Amino acid sequence: MTQPHNGDTPPIESAMTWAQYIDLRENRRQQSLRWSAAPEPAAVPLGAWRLQADPALRDAAAHTLASASLSPGPAQLWRHLAAPGALPTPPDPAAQRPAWQHHDWLAQQGGALEDAPERRLAWALAALDHCGREVERRERWAWSAVQHTPSPHDEASAALWAGWLGGQPWSLRERWEALYLSPVVRTFRGVCEARRLPKPVVTRIVRDLEEGFFYRLVGGDGVPGWAELAVRVLETDAPVRALAAALDAAAWDRLSRCAVSRGSWQESCAAVWSTLPEAGSRARALTRAGQADPDWAEAWMDLHVVRRLVRTWETRPDADAWAIISQNRGRARGRLRALVAAGATGLADRLLSLPGLHARTTAAIRRYAWAWAWQEMALDFSFDIARSVTPPCHDVATLPAPFGAGLRPAVETWVLLVVLRGRLSHLRRWVASGSTGDRDSTWARLLSDSLPDTLSEAVPGKRARSYRRLRVDLAESLDDILAAQRPLLAAVTDLGAARGLRGRFTALVDGRWDGAVPLPRSGFPSFLKNAQATLDVAEEPT
Amino acid sequence: MNISDARLLAWLSGALEPGDALYVQEAVVADAGLAGRAATLRARLAPPTRPRVAAAQRWRVPPPRVSGGMGLRRATAAVMSEALRAGERFRLRIDPVDRPDERLLVVLYRTDDTWEVVFPQHPDETVAVGALPAQDDGSRSLDLVARAAPRQRWAIALPLGDAAPDWDAPAEDRWSSLRRAIAAGEAPVASAEIRLDA
């Protein structure tokens, strides 16, 4: 019932019966209750996470847990801590299922367990163990389990990659397109189908794609498409370790300076190196640890994810844990990709030594094309090669400071208004590129009439204001803001379109709407539709 | 299980990361309704069959806003409205290129199936891009007449002499050198989309 793994981490459970799942859950429950009764950092049972192997990371995680102000509800407590005898049995207990399906079934049964102080910490620990096993299984084991079968095309693929890396791709165009255009077209068709685009539109898109694919990879002024793709091929070897190992000293330095001074990573770094007095020394410590062992990056990312989960559970114990994991790992991996892509010409040895290069390239190009197609969808398939799929990683020294706690409510309220006005895709494009790509009047009013002046900066000698600080802030915080607003958006969809909607809406947001953002006076019926649309697309790539 | 069509399509396209693919696969195995939806979507993903154009006959003209070694844009109308109707003239602005007096001006128009060369069509029509009126910034202006299609794709290629047309060859091979030069990134090429006003 288990997949073999290395001896330092717990085995990954695969499909299991209900009885086997209950055994797993009971072990978790017992050890969580034991530790919460005497929370000694060195003994914290976080073995499902890679951070356990590093005492500094483990202690930081234990401290985060022990100091958290948690208030899980009776349903959450029951899900993780109810004794086995109090649990129902599914109709098909012998069926082999992955643990998450047993867990989800249990969650749907709707039991309750009374709150008690000693149960709160145990609940978080048990929930973390469940998440950690799923992270190990989906974010690491699943990647290593993929068979990149050797192919007769491996040699040709290596020659093509040598052409890209050597700066001479044009002579290889025919062979490149013969091998890799087809999976890209199929992927674009998938995205078109997801949005039910009319057939003539799909035909036009596919023609443009066929003609523009190679140009996209050659690229314009920024990081070229082939470099973005090369990084995705490299990460088929291990999505974090392979990229961490490819970072040179300058890239580690840049990553470290960013991590110790920006967003929630800043807090995670401070938690690990709490004895180091200032950001520079923490950055140097981070660089040393990362350069010494590429595997450490996974453990470090684990700590950050654990901290984000616990911090979120403090205010939203029912938050979608996997959404938090995906957002935080996704953003961190995006930064890694951008840093490695910026130095992609130095990847030759690593890339060309990968076995099964054709299969890896095909897998990577499908994933790249999926993200690319969704980006193009937001821009009416304009195929602008100046816009890379991988968000750039800006040097922290050139970035404005993020907004402090005093202005955060205004930022969050304005984002909520943007969502309710149906302009989230405009916001995402604007954050990514500084332009929405159209002349939408609603968006223009959101910027000119609804955005508080405190969130933009006057430009000397000009009437127009600068929004750079807001864009940089939202590049880091938008996903978290949207995740936090999901319950509120769901509540908006439940308001119903009957008369008196404005009053019901005003009552709903009372106390949550920052006064610096004007409360809307019209358009309330469309808020319901736009809130639902945002909830619907939350799982699609952006 | 709550898995959107978009995510199922990503899975069917092989576009999910391994962990996400594993999750969706486990869900599809466990949920017959989800498996049915996946089967329906898989059928819709089947590509339409269409005749494959031989590589040598394919034009590799990049979509608008994708640079093939040169810049091309529709010039803003100088007066009044930018409204454009079939039969009316519109102006393209060609960004500066090196050796303009040696580069042949080739105008292409995209049909349903391929690109057709609109200009030149005879040896005595050939003209260098350097012969077009130059603006202060070095760009060149070219006036064209809009056709009837509501959305039209026009392209300009600027080959040097070695990619010039072979006027003695059969029509389908006349522009082979230019097609090869474009495919190899040796001949600047760019396209622009023109939309007619209703």
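Helices (H or I, at least four residues) and strands (E, at least two) are DSSP runs, numbered from the N terminus. The model shown is predicted, so that local features need pLDDT of at least 70 and side-chain atom pairs count only at pLDDT 80 or more, while totals for chains, interfaces and linings use all residues. Residues are numbered from 1 along each chain as its sequence is written, and chains are lettered from A and ligands numbered from 1 in the order in which they are written.

**View 1. Elements and extent of chain B.** Chain B holds four helices and seven strands, which follow one another from the N terminus in the order α-α-α-β-β-β-β-β-β-α-β. Its radius of gyration, taken over C-alpha atoms, is 23 Å, whereas a compact globule of 198 residues would have a value near 16 Å by the rule of 2.2 Å times the number of residues to the power 0.38. Along the principal axes, the C-alpha trace of chain B spans about 70 × 45 × 30 Å. Of the 198 residues in chain B, 31% are buried, a residue being buried if 20 or more other C-beta atoms lie within 10 Å of its own, exposed if 12 or fewer, and partly exposed in between, with C-beta atoms placed from the backbone.

**View 2. E116(B) in its strand.** E116(B) lies in strand β4 (residues 115-119) of chain B and is partly exposed, because 13 other C-beta atoms are within 10 Å. Leaving aside residues up to four places away in sequence, E116(B) touches L108(B), Y109(B) and T111(B), where contact requires C-beta atoms, placed from the backbone, to lie within 7 Å. The C-alpha atoms of E116(B) and D136(B), 20 residues apart along the chain, are separated by 31 Å.

**View 3. The contact between chains A and B.** The contact takes 35 residues from chain A and 33 residues from chain B. On the side of chain A that touches chain B, two or more residues each come from α5 (117-145), α7 (173-194), α8 (199-218) and α17 (357-378) of chain A, and α7(A) gives the most, with eight residues.

**View 4. Helix α5 of chain A.** The 29 residues of α5(A) reach 41 Å from the first C-alpha to the last, close to the 42 Å expected at 1.5 Å a residue, that span being 1.5 Å times one less than the number of residues. α5(A) is mostly covered, with 24 of its 29 residues buried.

Methods: Two residues are in contact if their C-beta atoms, placed from the backbone, lie within 7 Å.
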